[in-house]
Every structure is written in C-alpha cells, then in structure tokens.
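Morning, everyone. Please bring up the model on your screens, and we'll walk through it together.

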Amino acid sequence: TITIAPKPKVNFSMANVCDGKAVDFQNTTVALGPAVNYNWTFGDGNSSSAEEPSHIYPSDGSYTIKLVAENTSGCKDSLSRMVEIYPNPTASFTTTDVCIGNSTTIENSSIYNGGMVENNFWDFGDGTSRFDLNTSISKMYDDSQTYTISLSVKTTDGCTDTTSGTVTINPLPIYPIVPSGPTEFCEGG
C-alpha cells in the first residue's frame, strides 16, 4: 500500500507597520491531511514556530518573511513576502517668549523621516487647539503666564510622534511715578 500525503498550500498575510509596532502575521495555510508544523523566518535573524506569530523589528526598513509549512508526512511548501517597517516622525518645535499683548512665534521643526506629513495637531495650553500644517505659527495669548504647548505629528504612513514645550507670556512692567517735589503749581508754574 502506498499513501500519497497531501502537500500543504502555504499562504499568509500581514500589514506594514510603523517602527516599534508589532507585525501580526495571519496564517491562511491550507493543510489537508497530517498535522502541520510551521517555521517562520522574519528576515532580521529571528524566527518562530508559532502558527500565527507577532514580531517587532529592530528598525525601519524592508524585510523578507518566509513561511515553511511541513506536515508529519514530510511534505513541504513555502512562501516569501515583503513587509515594510515605516520610520517614525520626530515632533519638534521652538517658541519665543514675549510680553502680554504681543504674538509669540512657534516654529515647527519636525522631521517626517521618509513619510509625508498628513497632519499636525497643536494644543496651545490655553484651551485652544488646531490642525495646522504651516511651519511657522503666530499665537496671541490672553494672560501672562507659562503655557505648555503640545504637538502631535502624523505621516501619510500612519506613523505618529508627540512632543511638548513651554512658552512664557510675561506681564508688562509697572513703573510707579513718584514725584520728588511739590505736586501743586500755579498757572504758568
């Protein structure tokens, strides 16, 4: 008697992710017949024998993933696919301290690292916020104090970063006028 064991038909999928996020692999291998063992190689020197592993890559870039499925009869099939790990943006800005009644200038110096900017969300620390793609923003505050500003940036790849900083709105100086002599004069005096 000769038994011809069916060969597994390997297939899997995953989504591109941002650096530092886990890639979740969906194993859609069709395995008829004997039990199947899986061997994943992630393209960065790491591997797994889990049926549907999750993996965090050490840095952004393109990686080739290979899945080998082998059943207990020794029949094998394999498939390779590429995954892209997108670089994260770096949110950054500078502010200028001013006196009350003057506008402060906020300069967006964020780096978008390979992606294109999708949006910049500003929280100005005074109850106001807005989306603004400009590199320079002029902002007028109503009160003299130190405000914490936060900036969240997002690229078209879906990668994000957030940072915060402060701006000080100084009060106007008060100079009292104190006379050093008489305060009453006759006309023409």
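First, the ground rules. This is a predicted model, where local features need pLDDT of at least 70, side-chain atom pairs count only at pLDDT 80 or more, and totals for chains, interfaces and linings use all residues. Residues are numbered from 1 along each chain as its sequence is written, and side-chain values use heavy atoms, with hydrogens and water left out.

Cysteines, then. A disulfide here is a pair of cysteine sulfur atoms within 2.5 Å. How many disulfides does that rule give? One. Cys18 is joined to Cys159, at 2.0 Å from S to S. Cys18 sits in strand E2 (residues 17-18), and Cys159 in the loop between strand E16 (146-155) and strand E17 (160-170), so the link ties together parts 141 residues apart in sequence. A note on names: strands (E, at least two residues) are DSSP runs, numbered from the N terminus. The angle about the S-S bond is -100°, and the link of Cys18 and Cys159 is left-handed.

Are these cysteines buried or exposed? Buried means under 20% relative accessible area, exposed over 50%, and partly exposed in between, with a 1.4 Å probe and protein chains only. Cys18 is buried, at 10%. Cys159 is buried too, at 0%. Cys99 is partly exposed, at 30%. Cys186 is exposed, at 68%.

Next, the cores. A nonpolar core is a set of buried Ala, Val, Leu, Ile, Met, Phe, Trp, Tyr and Cys residues joined through side-chain atoms within 4.5 Å. The largest one has 17 residues. Val23, Phe25, Trp40, Tyr57, Ile65 and Val83 have the most contacts inside it. Strands E5 (36-41), E8 (61-71) and E9 (76-86) each give two or more residues to this core. E8 gives the largest share, four residues. Apart from this core lies another, of 15 residues, including Phe93, Val98, Phe124 and Val153.

Last, the sheet. Two strands pair if DSSP finds at least two bridges between them. Three strands make an open, antiparallel sheet, in the order E10-E12-E15. Which strands stand at the edges? Strand E10 (93-95) and strand E15 (136-139): each has a single partner strand, so one side of each has no neighbour in the sheet. E10 and strand E12 (residues 104-108) pair over three bridges. Phe93 has Asn108 in E12 as its bridge partner.
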